[in-house]
Amino acid sequence: MSRMKYALPVLVSLALITPLSPSTAASKIPTVVVQSGGFPTKIIGVPKRIISLSPTATETLFAIGAGSQVIAVDDLSNYPANAPITKLSAFTPNVEALAAKRPDLIILSVDSTNSMAVRKSLNLLNIPVLMEKAPSQLSDAYSEILAMGLATSHVAKAKALVATMKTSINKIVSASKRKNSLTFFHELDSTLYSATSKTFIGHVYADFNLINIADKAAGADASGYPQLSQEYLITANPQIIFLGDAQYGENAKTLAGRPGWSAIDAVKYGHVVELPSDIPSRWGPRLVQFYQFIADSIAKIN
Amino acid sequence: MISVQDLSIRAGDKVILNHISVDIPLTKWTCLVGPNGAGKTTFLRALLGLQPYSGSITQGGHEVYRSHMRNVAFVPQQPQIPMGMTVAEYVALGRAKRDGWGKESTKSRNLIYEILLQTQLYGLHQQHVSALSGGEMQRALIARALAQEPEIILLDEPTSALDLHHQIATLNNIEILKERGVTIISTMHDITLAAMYAERIVVMHEGRILLEGPAASVIHSAELKEAFDNRINVYTLDSGRPVIVAAKEERI
Amino acid sequence: MNTSNHGAPIGIGRIWNWRITAISAVILLVVALVGVSFGPISLNFAKILRTLVGAPHGLTGQERVLLLDLRIPRVLLAALVGAALASSGAVYQTVFRNPLADPYLLGAAAGAGLGATLAITSSGGNVYGLLPIFSFIGGVLAVLTTFFISGKFFAEPNSLLLSGIAVGSFATAIQTYLQQRHSSALRPVYSWILGELTVANWQVVRWSSLYILSAIAILITVSKQLDGLMLSDEESFSLGINPNRLRIIAVAAATLATATAVSASGLIGFVGIVVPHLVRGITHRVTNRSLGAIAMMGAAFLVIADLGARTLLSPAELPIGVITAFVGAPFFLVVLRRKRVSP
């Protein structure tokens, strides 16, 4: 069994239909082995009691028509509005509390606390766990949607969704690409943590031909989230600033209040974009909305 | 006899004991006197066997360093006071070497009882050691040393924390040990008291021994005065007992 | 008070108080049973008992797996870790002659944290298997380093303390640097610090019990001599002990227990300080003589704390370190006040 590293893209394996042992009934129960988040998960039958511990997975499930199979979602899964939200934590999953709901499939993020041990414990209780990993690029996000379609027996719908997303995103991007690319700074928090082009959101910006000033500091953090210095930022003089911390109160005015920042082009000309809180951190069906949002922001600047 | 030959102890660059040689007789009371920094306490620790040294200290032909063959009791100037232990348990620690740690023989139990009476600690024996006054603590130390039934008892400033009345009582208790053939070696600031009890006196000064010999002759010697920069006066009472006091300097 | 044949009406009492040890064992057993009986999924108590003794009509299927493969290992691990931390804490308090000493004093916690961070940031994918080994080695190496840099004052308590602070600070600094360079490691390291009790399994219980029980056995064996370490070195030497050697043995065993506990369950604080004082307060005996009782009460303490961790905020888990801190901090204040009041 090959060990998939987390950094590799998510693969989807072919559905395996296993023949039933002769001692059981005549009807075949479809069994699939879904490769996701770097782990294979065997799912017998069509899951009807799914617990999603990932806001992105929740959005995807409802978008591919598996919403009726979902019995509970974690406390951060606020979209769509009719998802059965509970107090279950996505970050610190409680094995017993999950098992108490008698699910037949759980979708768990690799980044949650003790995710491996939680998965092992749930498997001991005969509950299959589909691992979900934050993607590093668009193709990974599409693979995840397909994996979820395979797991919930909505393969056709998943494929259709992916196709629609691809088309929409391609349209948005090609309509927006400019010949002279703009430099930008994506701010994660007020201590100037940023995201390089290696990250998912970095790839999104790169699709628009935007130039990420954080790339110069790529060596500082192996996962792509370096902390930039104020001096570098002011020297690099980005033309756009995207505020990932807008939900925490940062906006064009607060930026102008920071010492030395009023000289930065983006601040001078008011090219500061406040990113909405949820959408940039979801890589499900609403990715299209995110791309549209970026395109609209760039258009406004011209 | 404890035979000290060419004993030197250094701490980094500083010389604490400088090639000292002396013979300390057994079953007698020998007192080390001298000003602060003379090396008295270090000498005592070396005699105990815990202090590394160059040269030799032998007793019965064996080096004393790290040797558990002898039964030596050590009464420090400032003891480390343990938490949560009663006086009875504290004194009983003295029996640990003979009975083994964690065991208690009937003989020990009787001996502890007698010692507690002798040192007037019986009424306090259920009290926690941490609750004792300075004087009571000193008596507990002596009691524990007595419980060890040692061959040699080393005392570092045994009277410095006590009031006058208890000083004499403590020293009397220690003197009783002489009858049992115990060798007593002590350091003392109060030379008058030393003169009262010790049979031999060793005068130390800056890591050297200036003089050692019978108490009577050492007390009246020039070396004793020299050790204290000639700032002491030795008087003799009518009873023949010497009294040593510091000389008050004339103001110019 | 014991009475001897010769009329001497006092004695020091038995060194090993069997009554206290037995009572602690009973408390531990009861607490353990309570521990396996509660959780988000309620199980029939009678069936639990039947399953435990192997009688028929016990739990079946998923419930049986839940009890045997999830709950029991978790309670056992909590007990082991609690025992390790409590007995190490008691020994450290003796060795350092300080009532506020805890098992993490010589850099064990910082070293284990650094080891865990190294495992997470360098191993790339398969962290799960390597992490306990790395953190264990990290904890042990940190304490060894502490000993060696205390220089010629080898094993002298005060210099060990200072060296421990130095080693701990250095290890923490390296850990912080590594986390800065690998921000994706933040979450796994944080989750390790919170502890792995939540997902204990039989494998963890097996290897941790081996080390922890061996270490506690060593400590109990030397516990009688540990009384001597409460005195100054000259005094203990005259009473027949080699203070340095005894300190090394005691600290080595305590570190083994602590490093194992930390690598199995993350950083759980206060147990090492609170429990020895608790037992001494109840039994009024010298800490070293009740080491067995302290170990068992430590086990019971952590099992109860773990019970709180998984029931108080259900369905979420409350980190167990939070509970031990909530209990430990006020307790600390009580101990400090009492010390000031008594002469």
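Reader: How many salt bridges are there between chain C and chain A?
Author: The count is 1, where a salt bridge is a side-chain nitrogen of Lys or Arg within 4 Å of a carboxyl oxygen of Asp or Glu. This is a predicted model, where local features need pLDDT of at least 70, side-chain atom pairs count only at pLDDT 80 or more, and totals for chains, interfaces and linings use all residues. Residues are numbered from 1 along each chain as its sequence is written, chains are lettered from A and ligands numbered from 1 in the order in which they are written, and side-chain values use heavy atoms, leaving out hydrogens and water.

Reader: OK, which residues form the salt bridge between C and A?
Author: C:Arg71 pairs with A:Glu96, with the closest N and O atoms 2.7 Å apart.

Reader: And how many residues are in contact there?
Author: 27 residues of chain C are in contact with 31 of chain A, contact meaning heavy atoms within 4.5 Å.

Reader: Switching to chain B, how many salt bridges does chain C have with it?
Author: The rule finds 2 across that interface. In one of them, B:Arg45 meets C:Glu234 at 2.5 Å, N to O.

Reader: What area do C and B bury?
Author: About 3,500 Å², with 65% of it on carbon and sulfur atoms. Buried area is the accessible area (1.4 Å probe) that two parts lose on being put together, summed over both.

Reader: What about C and A?
Author: There the buried area is about 2,700 Å², and carbon and sulfur atoms give 54% of it.
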